[in-house]
Amino acid sequence: MSSSGSPEILELTPSPADLEILRAMYPLYRAIFPSDEEAETLENLERYLTLKAGDYYGDNSYHVLVMRMEGRVVGFAIGDYYADPSVGVIEFLGVEEGRRGRGLGSALEEEFVRRVSADAAALGKELRGIFIEVEDPEIVGKWGSVGFWRRRGYMFVPVRYVQPPLSQGKRRAKDLRLMFRPVPRSTVMEGDLLLAFLRSYFHYAMSIEDPTSTEEYRRVARRAGGRAFTLEDPGSSLIRSFSLRIFFTVDLLSSGRPEPEVRSAILGNLRGRVPYVSYGGGEREEAGGGGARGRRGGSGGRGRAAGGRGGAAI
């Protein structure tokens, strides 16, 4: 047990005592990630821990970290280690609203990195980095939590990313960007590492039997396969986004369009709905086909680190 007022971070197992902690965590988790399409069910989280206790994950691993202070759950981090590319991915990370801005999110991220580094070392490998998904701030206009990830060493992957539909009739998630924290620190990423991550992520986290058959994977492979590219500083993206908004506003004001139409478009621009994005876009949104699938074959939604659709939670 931690000393009074000092946080402790626990890694949960499927033991009865830890499942009680998981149940105590779940209301905070859903407060931060309220959408049924994004969040996992409590039953799924319990099942994933049970699967980890068996041999389901093989050389891969799954981590549920819970932060407590004075016996109360105040934060969590949930993610995976994938052995083939030797990378981690943080799917959910959040801190209780009244305790944000105190370094607790950084402590959770740091502990997650430590855990997946140990996963890699146990296989005689070195961890190559950590991925996260965030809502694209150039589309949605939310930059707050991107600053947190930037301070932790994460940079944008400059390749357009579309997450496959998770079940019949659902749409692809097209407002996301990948960020990556290289280990050791670097500004260069090998495209083949990105593709190896997507194969593992699509297969294990979304239960896609053959990730290479999906259009979402093939689109990235056409741009990234066999290449190396420079990761993008989020600060540069912020400057570019503001420049695009200024250009769009000036263009509207000089367009000669009716005033109500111009006013509506400018307000939409200021709220984040930029009609183009510099690294790609302009595709028609399509409903997904194929059989029903969810994370690890469950009925849960997409994984999101804090600053994804659950909002800034750090």
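Helices here are DSSP runs of H or I with at least four residues, strands are E runs of at least two, and both are numbered from the N terminus. H3 has 19 residues and spans 27 Å from its first C-alpha to its last, close to the 27 Å expected at 1.5 Å a residue; the expected span is 1.5 Å times one less than the number of residues. An α-helix has 3.6 residues a turn, so residues three or four places apart point the same way.

Just after H3 comes Gly124, with a positive phi of about 75°. Glu126 sits in the loop that links helix H3 (104–122) to strand E5 (129–135).

## How the values were made

Residues are numbered from 1 along each chain as its sequence is written, and side-chain values use heavy atoms, leaving out hydrogens and water. Because the model is predicted, local features need pLDDT of at least 70 and side-chain atom pairs count only at pLDDT 80 or more, while totals for chains, interfaces and linings use all residues.

## The chain as a whole

The protein chain holds nine helices and nine strands. It has 314 residues, and 54% of them count as buried. Among contacts between residues at least 6 apart in sequence, 73% join residues at least 24 apart. The accessible surface (Shrake-Rupley method, 1.4 Å probe; for residues, only the protein chains shown count as cover) comes to about 13,500 Å², and 52% of it belongs to carbon and sulfur atoms.

## The seven-stranded sheet

Seven strands form an open sheet with mixed pairing, in the order E1-E2-E3-E4-E5-E7-E6. Strand E1 (8–11) and strand E6 (155–156) stand at the edges with a single partner strand each, so one side of each has no neighbour in the sheet. Strands count as paired if DSSP finds at least two bridges between them. E1 and E2 run antiparallel and are joined by four bridges, with Leu10 opposite Val66 and Glu8 partnered with Arg68.

E2 is mostly covered, nine of its nine residues being buried. Ser61, His63, Leu65, Met67 and Met69 point one way from E2, while Tyr62, Val64, Val66 and Arg68 point the other. E2 also pairs with E3 in the antiparallel sense, over nine bridges, and Ser61 stands opposite Tyr81 there. The two strands form a hairpin with two residues between them, and Glu70 in that turn has a positive phi of about 50°.

## Helices on the sheet

H1 lies across E1, E2, E3 and strand E4 (87–95), at about 95° to E3. H2 also packs on the sheet, touching E1, E2 and E3, and its direction makes about 120° with that of E2. These angles run from 0 to 180 degrees between N-to-C directions of lines fitted to C-alpha atoms, for helices over the stretch in contact.

Helix H2 (residues 42–53) has 12 residues and reaches 17 Å end to end between C-alpha atoms, close to the 16 Å expected at 1.5 Å a residue. Its buried residues are Leu42, Asn44, Leu45, Glu46, Tyr48 and Leu49, and they pack against helix H1 (16–32), strand E2 (61–69) and strand E3 (72–82).

## Two nonpolar cores

A nonpolar core is a set of buried Ala, Val, Leu, Ile, Met, Phe, Trp, Tyr and Cys residues joined through side-chain atoms within 4.5 Å. The largest has 28 residues, and Phe131, Val157, Leu194, Phe197, Leu198 and Tyr201 have the most contacts inside it. E4, strand E7 (176–182), helix H6 (191–205) and helix H7 (215–224) each supply at least two residues of this core. H6 gives the largest share, eight residues. Apart from this core lies another, of 26 residues, among them Leu65, Val95, Leu104 and Met179.

Conventions. Buried means under 20% relative accessible area, exposed over 50%, partly exposed in between (1.4 Å probe, protein chains only). Contact means heavy atoms within 4.5 Å.
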